[in-house]
Amino acid sequence: MRKKRVLLAIATSTVSLVALTPAALANTRPQFTPGATGIGDPYFPLEGNGGYDAQHYDVAFSYDPATHRLDGTTSVTARATQNLSRFDLDLQQLDVGKVTVDGRPATFTRDGQELRITPRHGIRKNARFVVAVTYGGVPQTIVGSPVVFGSPYGFVHTDDGAFMGDEPNAASTWFPSNDHPSDKASFTFRVTVPKDRSVISNGRLVSRRTNGDKSTWVWDEKYPMATYLATADIGQWQFKTGKTPGGIPETVAVDPKLVGRDPNHPDPMAFFWDTTAEATDLWSKTFGRFAFDSTGAIADLATYNGQAIGFSLETQTRPLYSDVRNTNTIAHELAHQWFGDAVSVQDWNDIWLNESFATFAQWLWAEKQGGATVHDQARTTYNQHGETDTWWNVVIADPQRDTMFHDRVYSGGGMVLEFLREKIGDPAFFTLLHTWFEQHKYGNGNTEQFTALASKVAHQDLGSFFHTWLYSPGRPPLPQS
C-alpha cells in the first residue's frame, strides 16, 4: 500500500526545470578580488597588506659576511580573509627569483616595497595557503629616516656578521612579510652561515648542524610575534644559557669585542645576564607572568660606516643592544616584553602603549634600585618643560609619524601613567596593568580600549583625565600630590 502511494505521488507531481542564463550562472560562482596593498595604518599606509592573516613564517636564508649577500626562501602560511584573486607581501630591494602558492608557480610583479602575487587559482575565504618566495641580494640598511632620527636600522651589516633591528617598518629589508604589528604570527628561522659564525634569534634553539664549512642554526618562536620584533643576528657570539632565579629560561649572546669596553662593566656577559634575570623576574611579579618561554639579551658591538650605533630594541624574548647599556635601558627593553611584544599596538599611532609603559617601568626599576621615586621622576619631567616649550605640542595618543618616538611619548607618557596611578591608587592601577596584559596577551590593543578598561577598573569616569593628558597638546596644571 505504501509503495502505491509513493508511485502515485510521483505520477501526479509536476517537475519544473529552470534554465539558468550565463549571468545567473556567474552569480553562483565565488567572486575573487585583490587584497588591499596596505593594512590602513595612519602613519604607514603601505605597511602590511589586506586579504589574509599570516599565521607562520618559515624564514630560511644563507648569509655570507664577506660579500654581505643573503639568499633565502621564506614560506608564509596564511588564512584568506576574503576570496583572493591577488595579494601582496612587503619586500624591499631584494631580487625575487620565484614565487609559489601551495607549491604551484605564481606570477608576481614589483611596485616599490609591494610584491604583488597572483596565484594560479583564486583562494577562497578562510582557506589556508602557503606562499613561498625565493629571493636574494645585499640587504640595504635604512638610513636618514626622520622617524628614528636618521639612525641606521633594519638589516645592519657588522664587522663579523649582521643584526636586524626593524622597528617600525624594516622587517621587509630581509624577508617578505605582512609587515605590520596588527598581523602577528609564529616564526621559524633557518640560518646558514660560515661555521666560524653563530646565530642568535627569537625563541628557543632547535638545532645546529655543521656540513663542511657551513653551519645551519634553527630557532623557533612559537608565540605570536609582530614582524618588527623578529631578529636573526650573526656574529662570533659568546653564549650563556640557564634560568633566572624565578625559573624562566634565559639565553644571552655577547659580542666578545665588548669585553673590557665599558670600565663599569668589564664582564658584559655577567652584566647582561644578571640584569636581565633580575628585571625579567621583577616584571613577572609586577605586570603578570612572563608570556614567552625564554628571556635574554643580544649584545653586539655594532657600527655603520665606522660609526657606533646607539641602538636598543625589544626584539621578542631577548632584546638587541648595539653596545653595553645601563641597567635602566635593559629594564626598559625587558618591560616591552609585556607592553609591545606580548601586547602589541593595533596601529602605530598607539605607540605610547609601548613606550610610555616601558618608561614607567624604567622609572619603577630606578626607584627599586635606590634612585628617585616614580612620583619624583614624573614631577621632574613636568618641571623640565615650561609653558612655551614645544615639547608639549606632541599629542601622546597621536604623536604623528615623524615624532612617534618623541620624548613626550616616552617620558611624557610615563608621567601620565604615574599621574593616573596617583589618581586611582596603587591597587586599581596595578590591577589595570595586569588586566590589560592578560586581556590582550598574544594580540593587539589600542588607546580607546585601554582608557575604557581604566575607567572600568577604577570605577570612575576617567574621560576628562585622558582627554587632558593623552589627547590634547599644551601643558595642563600639575596634579595635586
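## Close-up views of a predicted model

**View 1. An open sheet of 5 strands, seen in a predicted model.** Let us start with the sheet, whose 5 strands follow the order β17-β18-β19-β23-β22, with mixed pairing and open ends to the arrangement. Its edge strands are β17 (238–243) and β22, each of which pairs on one side only. Please keep in mind that this is a predicted model. Inside the sheet, β19 and β23 run parallel to one another and share 2 bridges. Here you can find Ile298 standing opposite Leu320 of β23. Helix α3 lies across β17, β18 (249–254), β19 and β23. Relative to β18, α3 runs at about 150°.

View 2. Two polar contacts are worth a look here. In one, the side chain of Ser322 reaches the backbone nitrogen of Phe311 at 2.9 Å. In the other, the side chains of Ser322 and Arg325 are joined at 2.8 Å. Asp300 is 22 residues away from Ser322 along the chain, yet their C-alpha atoms are separated by 4.8 Å. Beyond the neighbours within four places in sequence, Ser322 is in contact with Asp300, Leu301, Ala302, Ile309, Gly310 and Phe311.

View 3. At its N-terminal end sits a cap, Asn326, with a side-chain oxygen 3.2 Å from the backbone nitrogen of Asn328.

View 4. His336 has 0% relative accessibility, so it counts as buried. Its side chain makes a polar contact of 3.0 Å with the side chain of Glu355. Setting aside residues up to four places away in sequence, His336 touches Glu314, Asp341, Ala342, Asn354, Glu355 and Ala358.

View 5. We now move to another part of the chain. Strand β12 (residues 185–194) is mostly covered, with 8 of its 10 residues buried. How does β12 pair with β2, parallel or antiparallel? Strand β2 (residues 52–64) joins β12 in the parallel sense, over 7 bridges. In this pairing Val59 stands opposite Phe189 of β12. With strand β15 (residues 214–225), β12 pairs in the antiparallel sense over 9 bridges. There, Ala185 stands opposite Met225 of β15.

**View 6. The hairpin of β7 and β8.** Strands β7 (residues 107–111) and β8 (residues 114–118) pair in the antiparallel sense over 5 bridges. Phe108 can be found opposite Ile117 of β8. The two strands form a hairpin with 2 residues between them. In the turn, look for Gly112, with a positive phi of about 65°.

**View 7. Two annotated spans and the whole chain.** Residues 316–469 are 57% helix and 5% strand, with end C-alpha atoms 30 Å apart. The chain has 10 helices and 25 strands. Its C-alpha trace spans about 95 × 65 × 50 Å along the principal axes. Of its 481 residues, 56% count as buried. Among contacts in the chain with a separation of 6 or more, 68% come from residues 24 or more positions apart.

How values were computed. Residues are numbered from 1 along each chain as its sequence is written. This is a predicted model: local features need pLDDT of at least 70, side-chain atom pairs count only at pLDDT 80 or more; totals for chains, interfaces and linings use all residues. Side-chain values use heavy atoms; hydrogens and water are left out. A polar contact is a pair of N or O atoms within 3.5 Å; within protein, one must be able to donate a hydrogen and the other to accept it, and residues adjacent in sequence count only if both atoms are side-chain atoms. Helices (H or I, at least four residues) and strands (E, at least two) are DSSP runs, numbered from the N terminus. Buried means under 20% relative accessible area, exposed over 50%, partly exposed in between (1.4 Å probe, protein chains only). Contact means heavy atoms within 4.5 Å. Two strands pair if DSSP finds at least two bridges between them. Axes are lines fitted to C-alpha atoms, for helices over the stretch in contact, and angles run from 0 to 180 degrees between N-to-C directions.
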